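Colleague: Please take a close look at one part of this model, the nonpolar core, and set it in its surroundings, giving the cut-offs for each term as you go.

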Amino acid sequence: MSDNENVEAPVVLEKSESAPAAPAAPAAPVTVAEPARPARFAAIRGRGDMIVSAAAALFAVVALTLGICWHSAAGDLNALRAGNSDRDRAAEIATDYATRSLTYDYKNLPAFFDGVQRDTSQPLRDKFTQTHDALTKIMTGAQVTATGKVMGTSVESKGNDQYAVTVYALQRTQSIQQTDPATKPNLLLVTVAKNGGDWLVVDFGPKDGLSTDGVAKDAAKDGAAK
């Protein structure tokens, strides 16, 4: 046997059609892990919370302080307004009383005495009661008439709800001896007191300190002397 006879023929494999490949499974979603927040960020956030809390506390303190100051200022303003209102009322009372005291007619003296005793303290009413007869005789004998007009007032608080009101007024008088009317100035002091909701005249007279009946008596004497 020759060497050629011992050589085996090569095996030829037939190409067979390969089966289609199975579809690939979808890829699983990739989850990215959140990185851990560093400790520095936590510290900054903690300080921020502390600042916010401190600011809120400071705002509360400021608001409280402003509220107290506003309440105090409002109280002072109300007290000032009340004080001014009382002074204005005292001036009004004094003006009305001075006008009544400087206005009279010998033909109607009861109206004069009613005017000077109305809304007054008991001691002041008593003074006019005690001088009633003397004044009536003087004013009737002189046949005096007078008209008063207040030109201005100045109010001074005396404490205890009392006010001293200086009244500047003009009085126009006429009498049997003075047929032509004459006008003269008067400076009066009227003391007004507040008692609850009532106002009373507690004293009245010329600024120079004469008695409370001085105004009418002086006017009557002036008329009788001229």
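**The nonpolar core and its surroundings**

Modeller: Among contacts (heavy atoms within 4.5 Å) in the protein between residues at least 6 apart in sequence, 56% join residues at least 24 apart. This is a predicted model, in which local features need pLDDT of at least 70 and side-chain atom pairs count only at pLDDT 80 or more, while totals for chains, interfaces and linings use all residues. Residues are numbered from 1 along each chain as its sequence is written, and side-chain values use heavy atoms, with hydrogens and water left out.

The protein has five helices and five strands, where helices (H or I, at least four residues) and strands (E, at least two) are DSSP runs numbered from the N terminus. From that terminus on, the order of the elements is α-β-α-α-α-β-β-β-β-α. Of the 226 residues, 26% count as buried, that is, under 20% relative accessible area, with exposed meaning over 50% and partly exposed in between (1.4 Å probe, protein chains only).

A nonpolar core is a set of buried Ala, Val, Leu, Ile, Met, Phe, Trp, Tyr and Cys residues joined through side-chain atoms within 4.5 Å. The largest one holds 31 residues, of which Val167 and Val192 touch the most other members. Two or more residues each come from helix 1 (39-101), helix 2 (109-117), helix 3 (122-130), helix 4 (132-142), strand 2 (145-159), strand 3 (162-174), strand 4 (182-195) and strand 5 (198-206), and helix 1 gives the largest share, six residues. Leaving aside residues up to four places away in sequence, Val167 touches Ala94, Ala98, Val150, Gly152, Thr153, Asn186, Leu187, Leu188 and Val190.

In soluble globular proteins, nonpolar side chains tend to be buried together. On the surface, however, Leu58, Val62 and Leu66 form a nonpolar patch with about 290 Å² of accessible area together. Such patches are made of residues with over 30% relative accessible area and no salt bridge, nonpolar side chains (Val, Leu, Ile, Met, Phe, Trp, Tyr) being joined within 5 Å and like charges within 9 Å; a salt bridge is a side-chain nitrogen of Lys or Arg within 4 Å of a carboxyl oxygen of Asp or Glu. Areas come from the Shrake-Rupley method with a 1.4 Å probe, and for residues only the protein chains shown count as cover. Leu58 lies in helix 1 and counts as exposed because its relative accessibility is 54%.
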